[in-house]
Amino acid sequence: MMTGQDDGAIGSSSSEKRQRSAEGEERSDEDDGETAAKKKLRLSKEQSAVLEESFREHNTLNPKQKLVLAKKLNLKPRQVEVWFQNRRARTKLKQTEVDCELLKKCCKNLTEENRRLQRELIELRSLKRSPHLFMQVPATTLTLCPTCETARRRRPQIRS
């Protein structure tokens, strides 16, 4: 789950680098005794701020923008590209979480409305089964308010 904090890091793949020798066989950097794992790059606050500002302006970069930004921040274009990809993914995840919460609230409201309508339906059916009670209950009419277009219930006045 996302915490909402940007740690200013650009990740790298944890898979081993593979190289092909002249004979076409695969070998890893591990064979040379070198470590294949790269250190995770930590961006400075200034770099993060510039990247965030650029992201607010454009959430995708064309190749020229990417090169300019990489030079400005003293990063490789690929690092800028990966940062933007990760930031778009975090933004999408956050939006999905917000949408999910909204849908949960809507579902809860609809469930409550459904229960209320079910109770009303049961009540109306019971009134329909007892005709002597049905005649004593004044009819309810729905009218539509012309200005706000909301339905309002009106019970006719019983004249004695």
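Two residues are in contact when heavy atoms of theirs lie within 4.5 Å of each other. In this predicted model, Gln47 touches Leu73 and Leu75, residues up to four places away in sequence not being counted. Gln47 is located in helix H1. A polar atom of the Gln47 side chain lies 2.7 Å from the backbone oxygen of Leu73. The relative accessibility of Gln47 is 15%, so this residue counts as buried, the cut-off being under 20%.

A pair of aromatic rings is described by the distance of the centres and the angle of the planes. The structure holds three aromatic pairs. One of these is formed by Phe55 and Trp83, with 6.2 Å from centre to centre and 80° between the planes. This geometry is edge-to-face, because the angle is over 60 degrees. Phe55 is buried, with a relative accessible area of 10%. Trp83 is also buried, and its relative accessible area is 1%.

Phe55 pairs with Phe84 as well: the ring centres are 5.8 Å apart and the planes stand at 50°, so this pair is tilted. Again the pair links distant parts of the chain, as Phe55 is in helix H1 and Phe84 is in helix H3, 29 residues apart. Phe84 has a relative accessibility of 2% and counts as buried. Phe55, Trp83 and Phe84 are linked by ring pairs into a cluster.

Phe84 is also among the residues through which helix H3 meets helix H2. Two packed helices are described by the angle between their axes and the distance between the axes. Helix H2, covering residues 63–73, packs with H3 at an angle of about 110°, and the axes are 8 Å apart. H2 is therefore roughly perpendicular to H3, a class that covers angles of 65 to 115 degrees. On the H2 side, the residues involved are Lys66, Leu67, Leu69 and Ala70, and on the H3 side they are Pro77, Val80, Glu81 and Phe84. By class, the contact of H2 with H3 has six nonpolar residues, two charged residues and no polar residues.

Definitions and conventions. Residues are numbered from 1 along each chain as its sequence is written. This is a predicted model: local features need pLDDT of at least 70, side-chain atom pairs count only at pLDDT 80 or more; totals for chains, interfaces and linings use all residues. Side-chain values use heavy atoms; hydrogens and water are left out. Rings of Phe, Tyr and Trp (its six-membered ring) pair if their centres lie within 6.5 Å; planes under 30 degrees apart count as stacked, over 60 as edge-to-face and the rest as tilted. Buried means under 20% relative accessible area, exposed over 50%, partly exposed in between (1.4 Å probe, protein chains only). Helices (H or I, at least four residues) and strands (E, at least two) are DSSP runs, numbered from the N terminus. A polar contact is a pair of N or O atoms within 3.5 Å; within protein, one must be able to donate a hydrogen and the other to accept it, and residues adjacent in sequence count only if both atoms are side-chain atoms. Axes are lines fitted to C-alpha atoms, for helices over the stretch in contact, and angles run from 0 to 180 degrees between N-to-C directions. Angles under 35 degrees count as roughly parallel, over 145 as roughly antiparallel, 65 to 115 as roughly perpendicular and the rest as oblique. Ala, Val, Leu, Ile, Met, Phe, Trp, Tyr, Cys and Pro count as nonpolar, Asp, Glu, Lys and Arg as charged, and the others, Gly among them, as polar.
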